[in-house]
Amino acid sequence: MNAHASLIFKLVALAALACVPLSGESFYVELISKMLVMAIFAMSLDLLVGFTGLVSFGHAAYFGIAAYAAALLSPKYDAGNLWLLLPGAVGLSALAAFVIGLFVLRTKGIYFIMVTLAFAQMAYFVFHDTPVGGGSDGIYLNVKPSAAIGGWEPFDLGNGTHQYYFILALMVLVYLFLARVLQSPFGRVLVGIKSNEHRMQSMGYLTYRYKLGAFTLAGALGGVAGFLYAVLFGFVTPELLSWHESGNVLLMVILGGMGNLVGAVVGAFAFEGMRGVFESWTEHWQLLMGGVIVALVLFLPGGLSSLPARIRRALQGGEAK
Amino acid sequence: MDFATFLIQTLNALQYGLLLFLVASGLTLVFGIMGIINLAHGSFYMIGAYLAFVLTSATGSLVLAIVLGIPLALLFGAFLEWLLFSHLYKRDHLEQVLLTYGLILVFEELRSLLVDNDVHGVSIPAFLDASIRLTEVMTYPVYRVVVSVVCIVLAVALYFVIQRTRLGMMIRAGNDDRTMVEALGININMIYRVVFALGVALAALAGMLAAPMSSVFPNMGSQVLIISFVIVVIGGIGSVWGALVAALIVGFADTFGKVLLPEISGMIVYLVMAVVLLWRPEGILKKG
Amino acid sequence: MKPTQHIIGATALALALGAAFGSAQADDKVKVGLMLPSTGTYAALGAAITNGFKQFVAENGGKLGGREVEYYAVDDESDPAKATENANKLVKRDKVDVLVGTVHSGVALAMAKVARDNKTLMIVPNAGADELTGPLCAPTLFRSSFTNWQPAYAMGKVAAEKGHKKVVTLTWKYAAGQQSTEGFKEAFEKAGGKVVKEMTLPFPNVEFQPFLTEIAALKPDAVYVFFAGAGAAKFVRDYQAAGLKASIPLYGAGFLTDGTLEAMGDAGKGLLTTLHYADGLDNKKDAAFRLNYAKTYKMQPDVYAVQGYDAAQLYQAGLAAAGGDPSKQEAVIKGMEAAKIDSPRGAFTLSKAHNPVQDIYLRQAEGTQNKVVSTAIKGLADPARGCKM
């Protein structure tokens with residue numbers, strides 16, 4: 001896809017997303033809201049997996065930590081202040097990512113995959129086993145945060161439509177922010193690390209610091225998603241940090257095609273959509289899901305966003321004959 | 001804790017560690033030699049346990065079930081390697097993670113379709129169904145001792161195969177340099193198939209041996225999967241001895257952690273792992 | 001007149017009224033949302049609840065409140081992370097009249113929030129979390145099963161009556177287990193006993209050996225545990241293998257031996273547990289229920305099937321009181337609150353917090369059955385701590 005066509009595609013997609021609340025169906029508005037949240041989550045992981053070459057299998061930890069922070073920092077029966085809660089929750093998940101990053105970035109390859117997994121498990125047990133967050137049953141976020149600044153309230157998260165546009169706006173912001181970061185010198189170093197870390201080191205870059213920066217940033221953005229999840233559903237459980245969730249978000253990234261922010265968004269939508277369709281077909285939907293995953297890896301390693309190029313190639317091949 | 005209790009807890013730790021070793025050994029072999037990260041390893045453990053259940057029900061004997069089950073597991077492993085895993089060697093770890101994640105879902109659903117979702121028990125063979133008296137109230141089942149002995153024998157046998165046989169030599173060579181081995185005219189694909197089948201069989205055997213102790217139940221594989229990962233990381237990827245040492249460390253940490261530090265017992269093995277990684281980022285024993 | 005006749009009578013009346021007023025809604029269907037696990041660890045329980053629910057509807061002529069029933073089912077996978085979304089499917093998309101679910105407490109808590117926010121009626125056919133009919137109680141939230149506190153409290157009383165003074169408890173470190181051991185402790189210590197040590201292990205870890213060793217060292221008079229499913233089967237096997245069963249009696253909430261006795265084999269023999277249902281109850285309703293269930297589903301019903309069956313009965317009672325119209329929610333709720341449910345477990349009514357006030361039985365394992373020994377406590381009501389309703 002050339003740059004022009006790509007921009008048109010994005011704008012059309014954005015316009016379509018902006019029209020969703022017009023349907024008036026609160027279930028679908030909420031469903032798409034969740035997909036948008038997962039899209040943010042997938043983009044944050046893509047920064048690590050797709051651009052820096054760090055396959056984290058414990059990304060759900062940062063999502064979950066921010067979600068818990070949203071619930072725990074809110075007053076029990078009153079609305080918290082959105083403008084304090086959001087930075088607070090995101091700050092906590094960034095801090096967790098920074099500390100865990102100090103450890104896990106000492107490892108590489110397979111070790112990195114497993115060590116990120118193990119740290120996420122540790123975080124899981126903190127919420128599951130200790131009284132910190134209400135234990136295994138999870139906790140409620142009873143009242144959604146208020147967006148009031150002084151006496152002025154620009155929007156109300158209790159209103160499904162307002163909430164939808166707030167999440168959509170954050171997704172677009174995260175997208176633009178990440179796109180900008182990737183254009184910056186910092187982002188170029190990350191991409192350089194992915195293709196050849198040794199070369200970057202011999203060029204004098206302290207790659208460990210760059211990776212730690214990327215890991216922390218990804219944790220923070222994953223935290224944005226986790227915070228929004230808690231606000232959207234008002235219920236937080238330790239399972240948000242489980243390795244299945246880490247696996248699912250990896251799947252979204254791969255499904256869309258890694259190293260491609262739009263791909264991550266497409267992947268998140270495709271994953272959630274596919275699950276919904278399969279579930280409506282059969283109670284053995286996990287068999288279908290597993291089968292699709294296996295087939296995807298074997299036959300479409302570039303993910304969905306590589307499809308247009310593949311099809312074009314196939315068509316051109318056909319014409320040449 | 002008095003001395004007798006301490007000794008019994010040590011026995012518990014050893015026994016638990018040895019069983020964990022059996023699961024983790026297959027994982028570390030496949031990891032180390034083939035470079036494949038296999039999340040479905042826990043599923044092979046589950047499949048082994050269900051094989052034990054189904055075959056014991058059919059034949060009336062766990063021993064017979066194991067004798068039949070091992071070749072089945074080997075065949076199954078070789079088949080899977082041919083069908084799926086042989087396409088993964090040149091792919092990156094991420095794709096391996098995903099494919100094997102998909103396999104977990106497939107295997108669990110097949111289990112649900114072919115057997116059911118209930119909990120089932122497998123009985124201990126009559127000649128092993130006895131106990132040894134330890135204290136005035138406590139006894140120790142002979143079956144657990146036998147399982148531990150089997151684990152030790154297998155550890156030694158694995159070591160022997162890898163260090164002293166022609167197959168082991170080829171495996172070690174393939175581990176170090178794939179192209180070199182191919183240049184020498186050794187069929188590396190065949191070696192990989194053997195190693196993978198062996199890995200599957202080890203996990204399945206662990207499941208079969210554990211079935212009478214743990215019962216068989218849905219999702220039993222995912223419980224051992226994560227802990228096996230921790231063991232492989234602590235021990236050093238590809239090292240059978242490392243896995244043994246790590247499994248014993250985890251066995252001790254878990255057993256004594258539960259009794260002495262109950263507040264953090266869920267986290268303790270992961271803490272151990274973090275400490276080991278700080279000390280040695282590549283595990284206690286890297287390849288061996 | 002028996003309660004069933006009440007229900008039939010009321011239904012007939014409702015039908016007659018509906019016909020008299022020529023209500024356009026008379027041919028509308030009742031939308032029942034079943035949010036239960038059909039995959040994963042609790043799949044078998046989800047199936048039993050569904051079977052039980054559908055059995056009552058079938059016995060009732062395929063109708064509830066005189067209307068055809070339309071089912072909407074979602075597999076909750078026992079995954080709390082997807083619970084809100086799944087509940088939304090039924091509540092917001094399908095707009096069900098009643099939400100029935102589920103097994104897993106964490107999932108049930110998430111469902112309860114969705115149901116409450118949308119003012120949808122909800123019946124919990126299993127999850128025992130004390131909160132649901134405690135701090136989180138709501139006019140629209142009902143339960144046809146139990147609280148974790150109930151069977152545990154009864155067992156505390158039984159253990160004290162058997163003359164035990166010193167007891168050790170063991171459970172997984174999760175909410176259900178902790179609520180259960182607290183309930184046990186409350187009754188046991190009130191009767192003069194002492195819980196000398198409360199041990200927990202991470203869920204769903206099943207390496208019990210260190211705890212068995214600890215128990216052997218402590219030599220208590222008895223042990224109380226809360227485990228369910230595969231963990232329960234393994235624990236009981238290990239307990240026997242460690243030789244403890246012969247010298248230290250083991251007690252548990254009934255889930256220890258429900259659906260797990262086959263897997264326990266010999267080790268389960270003779271175990272005493274408390275629950276709101278048992279095999280060999282001497283009541284006609286149970287006999288008929290069992291016969292019918294076995295005929296329809298080719299297997300024996302369990303406590304989960306009973307809870308599903310009673311969820312349907314409870315809703316039927318509400319609908320009957322509202323003239324069969326599910327949209328008259330206040331009337332439905334009143335009907336449910338006032339209902340006396342003729343359950344296979346024995347008749348029960350609901351407490352103010354909408355939890356069954358029911359007999360808890362002491363049962364003994366025999367083969368694959370939990371045979372009733374006696375009624376441990378008659379008409380036990382959960383204290384509903386924290387419920388402001």
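Two strands pair if DSSP finds at least two bridges between them, and the legends below apply this to a predicted model.

**View 1. The open sheet of chain C.** Six strands of chain C make up an open sheet with mixed pairing, arranged in the order 2-3-1-4-5-6. At its edges lie strand 2 (63–64) and strand 6 (141–143) of chain C, each of which pairs on one side only.

**View 2. Strands 1 and 3 of chain C.** Seven bridges link strand 1 (residues 30–36) of chain C with strand 3 (residues 67–75) of chain C, and the two pair in the parallel sense. Within this region, Val32(C) has Tyr71(C) as its bridge partner in strand 3 of chain C.

**View 3. Helix 4 across the sheet of chain C.** Helix 4 (residues 105–117) of chain C lies across strand 1, strand 4 (98–100), strand 5 (121–124) and strand 6 of chain C, and it runs at about 160 degrees to strand 5 of chain C.

**View 4. Helices 1 and 8 of chain B.** Helix 1 (residues 3–34) of chain B and helix 8 (residues 188–214) of chain B have axes that come within 8 Å and cross at roughly 165 degrees. Because angles over 145 degrees count as roughly antiparallel, helix 1 of chain B is roughly antiparallel to helix 8 of chain B. The crossing of these two helices of chain B is left-handed.

**View 5. Residues at the contact of helices 1 and 8 of chain B.** Residues of helix 1, including Leu19(B), Leu22(B), Val23(B) and Ile33(B), meet residues of helix 8, among them Tyr192(B), Phe196(B), Gly199(B) and Ala210(B). By class, this contact of helix 1 of chain B with helix 8 of chain B has 18 nonpolar, three polar and no charged residues.

Terms used:
Residues numbered from 1 in each chain as written. Chains lettered and ligands numbered in written order. Predicted model: local features only at pLDDT ≥ 70, side-chain atom pairs only at ≥ 80, totals over all residues. Helix = DSSP H or I, 4+ residues; strand = E, 2+ residues; numbered from the N terminus. Contact = placed C-beta atoms within 7 Å. Axes fitted to C-alpha atoms, helices over the stretch in contact; angles between N-to-C directions. Parallel < 35°, antiparallel > 145°, perpendicular 65-115°, else oblique. Left-handed = near helix turned anticlockwise from the far one by under 90°. Nonpolar A, V, L, I, M, F, W, Y, C, P; charged D, E, K, R; others polar.
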